[in-house]
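I have put my comments together as numbered points, in the order in which I would look at them on screen.

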2 protein chains.
Amino acid sequence: MPAPRISPGLAPGEVPGAVTEELRDFLESRRAAVARVDPRFTAVFEALAEFTLEGGKRVRPAFAWAGWLGAGGAAGEEDPAAVFRALCALELVQACALIHDDIIDASDTRRGRPTVHRRFELAHANAGWRGDAARYGQAIAIIAGDVALAWSDDLLHESGLSAAALARARRPWSEMRTEVLGGQVLDITAENSGEGGVAVAERINLFKTAAYTVERPLHIGAAIAGAGPEIIDAYRVFGREIGIAFQLRDDQLGVFGDAEVTGKPAGDDLREGKRTVLVATALDRLAGSDPAAARELDSRLGRVREAADIDRLTRIIVDSGAAEAMEAEIAERTRRALASLGRAPIEPAHRGLLERLAHQVTVRSL
Amino acid sequence: MPAPRISPGLAPGEVPGAVTEELRDFLESRRAAVARVDPRFTAVFEALAEFTLEGGKRVRPAFAWAGWLGAGGAAGEEDPAAVFRALCALELVQACALIHDDIIDASDTRRGRPTVHRRFELAHANAGWRGDAARYGQAIAIIAGDVALAWSDDLLHESGLSAAALARARRPWSEMRTEVLGGQVLDITAENSGEGGVAVAERINLFKTAAYTVERPLHIGAAIAGAGPEIIDAYRVFGREIGIAFQLRDDQLGVFGDAEVTGKPAGDDLREGKRTVLVATALDRLAGSDPAAARELDSRLGRVREAADIDRLTRIIVDSGAAEAMEAEIAERTRRALASLGRAPIEPAHRGLLERLAHQVTVRSL
């Protein structure tokens, strides 16, 4: 299937497929350099390519592209195809984040396939090599993530953007990478130190999700378009609110499920013991009203397997009023986000695209 | 101590200290962004800064700077201070490489201090946190390395180089990062699969050491200077030969030691079981002449602790003639490197600097 031609008129539904085609082209452009090093490196390249190309909702490039259009980028002098290509670099940052997260969380699968570290662990075991197969898998996955992170810069800089646009994009690009890594440090440290309060969970959402997924992608798109502070400030408020609402929606789905939309069974986050804002809010509310229920939720989180136990914890969360409070917060944040957008001089033709993306990630068909 | 003013006349002996001062300035420029995320991220930042600032011979920036000078960069229009700053980005790639290598090798110390993953493992244990302290240390060190890798691009692009010079530097910069990661994959995979032959060890040296440490730094310096193919090709031959000779010297020191120069006791590589070109050559030579000695070296490598056992393996290597062959190869490669340099239109005033660096890393006072 030929890639759709990249133009400002690209249909929103075609964005994810077009992102995949750009990533495929970029990765193919790296194949010869990889092969010059060694066939063993090609094996890692293939795993990285499969991981990058065969999944992902391409949320970050979608927001960045909408941000560029909304900031009037199409009326400027940058080649739309170069802009689109540059924004696909966000997916290589994401490949690194996911591959390294999967090592850190010791996850076995991602999108229904073995994680990268598990894949190389299995290859080691199948080959009957010496040494520790699990350590080998981790080592290769650390490097594979590094390759994706290094290549994210390559794709940005080889996109064909003008030097001026590249210079404008660097600041939010740099901020974004620092913020997501900082959010990850905070997440891991809070989990280990046992600081599971609402404030910490919200801070993780702000940097690990909102800044990284919506706020900075929009900012990068706007910076490439040469937007002024009115649009950038409005985007940043919009992006933070929608990004947090997106994570709150994800937390709801992680408990209440929606196999049709996410493919996740209900209760997944309860099994994994995630200290989300939802869970932290429930614990906060119950501390005064029903301390026994609070203790039960706190102590059994991450230790439940049976459907009846999952149902019990789910019931505690609902009865605390936390789930309802989260729905109200999602609605309020979405409202504030759209109000921020409404006050900014966004291109009228593309305002609807930003609103639709906001709706998709907070109601969650994306 | 104020940093020496960066000019083309900077004394070679002042380069390492000046690199450290540039890195300090850059890292300080990141402190506020890190603190905005969270104090827990600041703790990781401090560890990364200490790791980056308190060690390292700054070999890569030294070659890159000499490469820029030798290619006539000082007569061009780039600000020497900006060029120098850009080349310091190599040390942030190196920080990532070392931090991630130390996880992969499960190393406890580096430069006499706890490795980054061990440092956070200890912090976890001291704080009495929940979960696995070792896993926590690894997780934080993975992220700390990612921060260094992401920031290496930031420093390159915030250096003050012109857009044209940045565009010229991107290709060798990208090649270098891909090559060192590929060399690392090859190294880890060969170690696990048990492919310890001379050809594999040489290939690892080519990509993990030579391209990364000498060839591409020179290439980056030349590219920033706007050098033509005559100089770049000569640099690449020179860099590959000197880079490989540098690694062969390192292998010799890893067996025969020189506590004065390297701080390493003799026999370190034998204790660690490294399959260097030196060891692979000894095994190759002994396969025909003394199979019993070959079997002894092969089976005891990485399993010796006592001085008498180390001495025994060292004796086997010397008697194989491998150590002598390596000295001859170092001399021959150095000769070819200098000949390549001799044929190129290098700035006469800086030719001596390149020759001196070549001497330092192959005789090894650097």
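**Notes on the two-chain model**

1. Let me begin with the interface. Between them, chain A and chain B bury about 5,100 Å², with 61% of it on carbon and sulfur atoms; buried area here is the accessible area (1.4 Å probe) that two parts lose on being put together, summed over both. The three residues A:Val37, A:Arg40 and A:Asn192 supply 13% of the area that chain A buries against chain B, more than any other three residues.

2. A word on conventions. This is a predicted model, in which local features need pLDDT of at least 70 and side-chain atom pairs count only at pLDDT 80 or more, while totals for chains, interfaces and linings use all residues. Residues are numbered from 1 along each chain as its sequence is written, chains are lettered from A and ligands numbered from 1 in the order in which they are written, and side-chain values use heavy atoms, with hydrogens and water left out.

3. The same surface serves both copies, as 100% of the contact residues of chain A recur in chain B.

4. How many residues of chain A are in contact with chain B? There are 60 residues of chain A in contact with 60 residues of chain B, where contact means heavy atoms within 4.5 Å. Across this interface the rule finds 29 residue pairs in polar contact, both residues at pLDDT 80 or more. A polar contact is a pair of N or O atoms within 3.5 Å; within protein, one must be able to donate a hydrogen and the other to accept it, and residues adjacent in sequence count only if both atoms are side-chain atoms.

5. Which elements build the side of chain A that touches chain B? Those that give two or more residues are helix 1 (15-37), helix 2 (39-53), helix 4 (80-104), helix 6 (133-157), helix 7 (163-193) and helix 8 (198-224) of chain A. Helices are DSSP runs (H or I, at least four residues), numbered from the N terminus. Helix 7 of chain A gives the most, with 18 residues. By type, this side of chain A divides into 26 nonpolar, 14 polar and 20 charged residues; Ala, Val, Leu, Ile, Met, Phe, Trp, Tyr, Cys and Pro count as nonpolar, Asp, Glu, Lys and Arg as charged, and the others, Gly among them, as polar.

6. One of the pairs is A:Glu195 with B:Arg40, whose closest N and O atoms are 2.7 Å apart. There is also a network of salt bridges that includes A:Arg30, A:Asp153, B:Arg170 and B:Arg177.

7. Within chain B, B:Glu179 and B:Arg216 form a salt bridge, their closest N and O atoms 2.7 Å apart. B:Glu179 lies in helix 7 and B:Arg216 in helix 8 of chain B, so the pair ties together parts that are 37 residues apart in sequence. B:Glu179 is buried at 8% relative accessible area, and B:Arg216 is buried at 4%; buried means under 20%, exposed over 50%, and partly exposed in between (1.4 Å probe, protein chains only).

8. Another pair in chain B is B:Arg336 with B:Glu241, where the closest N and O atoms are 3.2 Å apart. B:Arg336 lies in helix 15 (residues 322-342) and B:Glu241 in helix 9 (residues 229-256) of chain B, so this pair ties together parts that are 95 residues apart in sequence. B:Arg336 is partly exposed at 33%, whereas B:Glu241 is buried at 12%.

9. Finally, please look at A:Trp65, in helix 3 (residues 59-70) of chain A. A:Trp65 is buried, with a relative accessible area of 2%. Residues that A:Trp65 touches, not counting those up to four places away in sequence, include A:Ile6, A:Pro8, A:Val83 and A:Phe84.

Methods:
A salt bridge is a side-chain nitrogen of Lys or Arg within 4 Å of a carboxyl oxygen of Asp or Glu.
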